[in-house]
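Thank you for making time for this.

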Amino acid sequence: MYNDFARLYDRLMADVPYGKFVDYYFEIFRRFGCKTRLGLDLGCGTGNVTLELSRRGADMIGADISAEMLSVAGDKATYEGLNALFLNQDMAEFELYGTVDFIVSSLDSVNYVTEKNRLKKVFKLVNNYLDPGGLFVFDVNTEYKLSTVLGDNTFVSDDDDIFYSWQNSYDKRSRLCDFYLSFFERREDGSFARFDEVHTERAYGVDELKAMLKDSGLKVEGVFHDLTFQKPRKNSERVFFVAREQGKIKGAKK
């Protein structure tokens, strides 16, 4: 996953308002009282959020399972002279040298953890590596979005030298949404190279995630509609969670 896609990711995601995400994070940190000296971006991809946080003064670590995505992130950090550390780690197995003030996970990275037991491991590790009282902020694609907006629909994009189709399939029983992506990239000789990828996200309910966070030792401070401080709506497509470290779980891995 994300092998060939890594080269094209930033171009295809150019309309994502990364700056607004980081504006929102800093407002959360202000409202809920959180230091911003050292942070972790979990599932950081090509580092767009990681580097924006770094530009605003935070010492940043980015972790992602894709070495290809991290290579792009590292190149961007070097080009800008930003001192961010990137780690090639699975979200459910990540390890740090110490604790951090805050952890963020952006753009539905949590949905990519499709096994509930593995997501519980993610939350327990988050709690373990947060400073006392530190904050964990993440967003998810809602079941409404995965089942209705994306599910069983097809999207296409034609942008000069890149064409792609995105076919989706949602299973109500498993609550899994499969994304079948086909890319056609124009070569210098005018021919097209094709590559295909399959991605899968799982829908999690708000109450389900609250219970999992609580079981992991995290206190849920708020659940909000996309980039606001309003309650989630029935048709919310993205929901943000704010959770606080409130003590280590006995026997947790360090």
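Predicted model: local features only at pLDDT ≥ 70, side-chain atom pairs only at ≥ 80, totals over all residues.

Let me begin with Phe-179, which counts as buried because its relative accessibility is 4%, where buried means under 20% relative accessible area, exposed over 50% and partly exposed in between, with a 1.4 Å probe and protein chains only. Residues are numbered from 1 along each chain as its sequence is written, and side-chain values use heavy atoms, with hydrogens and water left out.

What is the partner of Phe-179, and how are the two rings arranged? The partner is Trp-166, with the ring centres 5.8 Å apart and the planes at 85°, so the pair is edge-to-face; rings of Phe, Tyr and Trp (its six-membered ring) pair if their centres lie within 6.5 Å, and planes under 30 degrees apart count as stacked, over 60 as edge-to-face and the rest as tilted. Trp-166 belongs to strand β7, residues 162-171, and Phe-179 to strand β8, residues 176-186, so that the pair links parts of the chain 13 residues apart, helices (H or I, at least four residues) and strands (E, at least two) being DSSP runs numbered from the N terminus.

A search of the whole structure finds 18 aromatic pairs. In one of these, Phe-123 and Phe-138 have ring centres 5.6 Å apart and planes at 35°, so this pair is tilted. Phe-123 lies in helix α5 (residues 116-129) and Phe-138 in strand β5 (residues 130-141), 15 residues apart. Phe-123 is buried with a relative accessible area of 0%, and Phe-138 is buried with a value of 0%.

Phe-123 also takes part in a helix packing, where Lys-116, Leu-119, Lys-120, Phe-123 and Lys-124 of α5 meet Glu-208, Leu-209, Met-212, Leu-213 and Asp-215 of α7, contact meaning heavy atoms within 4.5 Å. Helix α7 covers residues 206-215, and it packs against α5 at an angle of about 50° with the axes 9 Å apart; axes are lines fitted to C-alpha atoms, for helices over the stretch in contact, and angles run from 0 to 180 degrees between N-to-C directions. The two helices, α5 and α7, are therefore oblique to each other, given that angles under 35 degrees count as roughly parallel, over 145 as roughly antiparallel, 65 to 115 as roughly perpendicular and the rest as oblique.

Finally, I would draw attention to the loop between β4 (100-105) and α5, where Leu-107 lies. Most residues other than glycine have a negative phi, yet Leu-107 has a positive phi near 55°. Asp-108, in the loop between β4 and α5, likewise has a positive phi, of about 55°. Leu-107 is buried at a relative accessible area of 17%, and Asp-108 counts as buried at 9%.
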